[in-house]
Amino acid sequence: MRIVAASRAAHACGLTPGLTLADARARAGDVEALPHDPKGDERALDLLAAWCERFTPLVALDAPLGLMLDITGCGHLFGGEEALRDTLGAALRRFGLSARAAIAPTPDLARALARFGGGAIAQDGAAAHALPVAALEAGEHTHLALQRAGLKTIGDLAERPSHILTARFGADTTRKLARLLCCEDTRITPRRPLPECMVERHFPEPFLHQQAIEAVVAPLMTQAADILERRGQGGRLFSLSFFRSDGVVRVVRIETAAPLRATENFMRLFRLKAEKLADPLDPGFGFDAIRLSVIAVETMPEAEQRLDGGVDAQTDMTAAIDRLVARLGRERVLSFIARDTHDPDRASGLAPYEKRAGAWPAHEEGDAPARPLRMIEPPLPVDVVALAPDGPPAQFRWRRALHIVARAEGPERVAPEWWRNADAPTRDYYRVEDAQGRRFWLFREGLYERDSMQPRWMLHGLFA
Amino acid sequence: MNDFSPFSPGRLHEIHAAGVDCAAAFGFSVAAAAGVSEKPVLLVAPDFGRSEAGTPSGAGLHEYGLDPDRFIFAAARNETQALQAGLEGARCKGLGAVVIELWRGASGYDLTASRRLALAAETSGATIFVAALDTPPAPSAAQTRWRVAPALSRALAAQAPGAPAFHLRLERDRSGLSGQTFDVEWNRALRCFISRASRAGAAAAPLSGFVDALSAGRTAPPAQSFSEPFARTG
């Protein structure tokens, strides 16, 4: 067992990462050791990243131990870049974390300054000159080779022609150097995509009143609606983030069936969602910011005002669907879809609701429906007695009740789609009616004398 | 709107059936629900019903003669959610009808719940059908209460099952006329229920001379036709 990470006090005792636990115990008998939990670290870092989203929506994980915030244009909201850094640092210290922060024009320089420069605010690449070559993070070998060549700092490297470096250490090192010197810029990949539209409210004092949450959310939505209206858009996916002062971030996502801009409808969905939360929106020590992001938008034409001021039936219906989605979840409000296939398992399916015009195949002639109203998925095995091995069923048992077959039609032979599943056996479907008039859809899986397996009977659906 | 349809719009109608006859109750309810208007129809079924009797199928609805694109299916987790979702639907003016499936002595569906549904339906104009399976009838605010069982169909060639046939009993009707029974079959081309007695009598010209009183279409039958075309068997 070896030490992976050590506290400041441990470092002071000379316990450094890489040391074996036995050695550490020998040096300091009362050392407290906890098993390394990389998953837990990852989770903690992710939570911290969510918390940092109060400063900027562009937060990226810089695993394993860093966070990268793109604060372009955000500084003035917190009283300048330095104030922002200090606020962030103070908050992290309150959480009991030791952190170093640096601000620089490129992500690479910011990281190097945080790790090797003691945390500074750099305006340009000149700040990189004083850093040691280790700031290149190009690997132990490269660092050693550079040091042996007498190149101690990034400044030393910057003076050399780059083709020599490239020839000796590869193009990666040169690129890295260019980024440190701010000659080349890169973008960070944020944890979440940048929302289409974002409004937020920061509170100077933590906000404690659970009842008043709606009074904050409603004006936020009105504000967002104004922005969306100017663009001729409506939101399809909203996300409300509640930043608690103890670092917890609660996110409530609201999805709608049609572009939405009306504050009233939005608040109704929000109430439904909020009362359904397993863990209620508890302000705890107070929220210090609430943010509404509109993640997905769609064009939404200007609503036509009806002369009588009434609500259009269509609008009413989309609102009802949104409420259903908020209650049951998107995957439970469904519409029927048609697929162009003969495979009864796939011919028709269900998908999250939207207005559709499915290409349903034309009926075959005749009075009786050929497909059951209710499909049993997956098909249920049933005990069937047939008079001939390849004939229709004479009687069968389903849910312990015996059904004597009075009428039967079939077989309708459905071969499996060999390009999907070559091993699936052929199915012979029968429409069957029992003596009471109940109508069933049964199939026999596999063929007699051809397939080695014993054919079995399954119930696949119920007709009206 | 058709005054003489047995399903007055904007009201609550109960359709009772045994659990094994779930598909018949479902077939009867969707046909009735699709018939009261041209607007979309919301189907609500709890997970229990889906595991017991299968999931409603688009291809099946289409083969039954209805347009699957008109239906919205809300898959509720349990009975409480099904009633909640049904109530949301009942409050919506954009829906023509709501079909709510309830199973096994639905305890959440009591007088209060049915009143709530009936009130919502009256305000919005949507017609509510509660398909109650294996549920003993209890006092409710429903306009009508039907008992549905499948009936042996008229066989097609080679003893093939024919058009869906139902045995209906109108157990209760607030506007009078209860206790009748009807033997009907569903005609998917005309989208209406046809009395089997009249159908049998007019085999040569099946369309002339009969009136579909249980019309699921929008044609208004003559005033006296409601009870006439059905053979009173009970």
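User: How do I read the open sheet here, and in what order do its strands come?

Analyst: Keep in mind that this is a predicted model. Go from neighbour to neighbour: the 8 strands run E10(A)-E11(A)-E12(A)-E13(A)-E14(A)-E15(A)-E9(A)-E3(B), with antiparallel pairing. The two edge strands, E10 (383-386) of chain A and E3 (55-56) of chain B, each pair on one side only.

User: Which residue is the bridge partner of A:Phe396 in E12(A)?

Analyst: For that, look at bridges between two neighbours. Strand E11 (residues 393-398) of chain A is joined to E12(A) by 4 bridges, and the two run antiparallel. A:Phe396 has A:His403 in E12(A) as its bridge partner.

User: And what does E7(A) pair with in chain B?

Analyst: Look across the chain boundary: E7(A) pairs with strand E4 (residues 71-76) of chain B, antiparallel, over 3 bridges. There, A:Leu334 sits opposite B:Phe73 of E4(B).

User: How many residues of chain A are in contact with chain B?

Analyst: Count each side separately. Chain A brings 52 residues, in contact with 53 residues of chain B. Several elements of chain A supply at least two residues each to that side, among them strand E7 (333-338), strand E9 (374-381) and strand E12 (401-414). Helix H12(A) gives the largest share, 9 residues.

User: What does the side of chain A that touches chain B look like by class?

Analyst: Sort its residues by type: 28 are nonpolar, 9 polar and 15 charged.

Terms used. Residues numbered from 1 in each chain as written. Chains lettered and ligands numbered in written order. Predicted model: local features only at pLDDT ≥ 70, side-chain atom pairs only at ≥ 80, totals over all residues. Contact = placed C-beta atoms within 7 Å. Nonpolar A, V, L, I, M, F, W, Y, C, P; charged D, E, K, R; others polar. Pairing = 2+ DSSP bridges.
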